[in-house]
Amino acid sequence: MTTQQTPNLPTGPEYAEQKAEALPQPVSSKDSHSTIVDIARLWTSPRTVFSTRHLMSDVDPLQSTFPLAAYCFMTGFIDSVSFTAIFVWCGFQTGNSVQLALALARLFSGPPGQRDTSFHLADQQALTSVLTFIGGASIGRIGDRMGPKTRAWLFLGTMIQALFTMAAAIAAWKSGQGSIAEVRGDPAWTNALTFVAVGFMSASLGLQGIMGKRVNTQFATTIVLTTVWCELMADPKLLNFRQRVISRDHKFIAIFALFLGGFVGRAIIDAVGAASTLGVGTGMRVLIAIWWLFVPGKPERTGKPVSG
């Protein structure tokens with residue numbers, strides 16, 4: 001009488017992962033690992049999420065849609081605060097640069113002795129935004145050393161953005177000034193602390209822009225939409241609605257997210273003021289930073305994802 005022996009099966013907490021990897025992949029996913037399996041592993045194994053290997057590995061740009069869309073949302077959100085108060089965009093530096101060019105040209109306008117040589121408040125605010133935006137973007141160079149697509153840098157960089165936004169919230173609160181300007185010639189922010197608030201808001205968006213650009217997706221910098229609009233209109237598959245087109249769909253998402261951010265930002269300003277709105281923005285940035293830790297990595301050629 002022969003006795004059938006039971007094969008030795010793996011036991012322990014890693015059994016489910018081994019079994020999932022042993023299952024055959026469906027035909028439709030030969031070239032890409034199952035996102036569901038990857039996300040399940042991340043959420044069910046916290047020690048893996050915070051491992052050095054996981055943190056220092058790159059995210060998959062194709063799986064980064066949600067945090068990048070959240071970046072676009074924050075662009076509209078932050079810009080709604082600055083434009084409502086002083087009619088200056090903290091993220092769109094094209095307008096600020098042209099404004100400074102006009103201010104310089106004004107020095108040569110009119111006959112000598114009657115020229116306007118004053119440094120207007122609006123020009124001071126625009127210059128503050130440009131310089132601090134550049135300063136914030138330069139911090140993004142840190143990511144070149146850590147790896148611009150690593151989870152560690154994306155988390156750290158977004159947390160720095162959160163700290164900048166928090167500093168702007170504190171400065172706006174301590175300034176004691178209003179949040180809404182009725183006309184361009186009478187801005188709501190005029191004292192030194194409000195300049196600090198503008199500076200920190202611009203720095204946060206400068207850092208966000210270079211981080212978004214380094215991920216290298218259809219979201220571009222997550223800040224400037226002029227290029228996104230042009231590329232969208234030039235997309236040969238713009239009107240092909242019978243199938244998904246990443247180059248088109250992600251641009252639509254970026255535009256909508258930025259629009260929604262501006263709308264939500266203004267609604268909160270009307271309810272609680274600029275300082276509290278920036279406080280809410282700080283919390284949002286913290287959530288985005290944590291979000292980056294759970295973005296799946298790029299799949300290897302064998303189909304196994306690069307995640308701890």
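**Close-up 1. Cys72 is a buried cysteine in this predicted model.** Its relative accessibility is 1%. Buried means under 20%, so Cys72 falls in that class. Cys230 is exposed, at 51% relative accessibility. The cut-off for exposed is over 50%. A disulfide is a covalent bond between the sulfur atoms of two cysteines. The count of disulfides here is 0.

**Close-up 2. Phe83, Phe87, Trp89 and Phe92 make up one aromatic cluster.** The model has 7 aromatic pairs. Phe83 and Phe87 form an edge-to-face pair. Their ring centres are 5.3 Å apart, and the planes meet at 80°. Planes over 60 degrees apart count as edge-to-face, which is why this pair gets that name. Phe83 is partly exposed, with 23% relative accessibility.

**Close-up 3. Phe164 and Phe200 form a tilted pair.** Here the ring centres lie 5.8 Å apart. The planes are at 40°, so the pair counts as tilted. Phe164 belongs to helix α9, residues 151-175. Phe200 belongs to helix α10, residues 192-215. The pair therefore ties together parts that are 36 residues apart in sequence. Phe200 is partly exposed, at 29% relative accessibility.

**Close-up 4. Lys174 lies over the face of Trp173.** The distance from Lys174 to the ring centre of Trp173 is 4.5 Å.

Definitions and conventions
Residues numbered from 1 in each chain as written. Predicted model: local features only at pLDDT ≥ 70, side-chain atom pairs only at ≥ 80, totals over all residues. Heavy atoms only, no water. Phe/Tyr/Trp six-rings, centres within 6.5 Å; stacked < 30°, edge-to-face > 60°. Buried < 20%, exposed > 50% of the residue type's maximum accessible area, 1.4 Å probe, protein only. Helix = DSSP H or I, 4+ residues; strand = E, 2+ residues; numbered from the N terminus. Lys NZ or Arg CZ within 6 Å of the ring centre and 35° of its normal. Disulfide = S-S within 2.5 Å.
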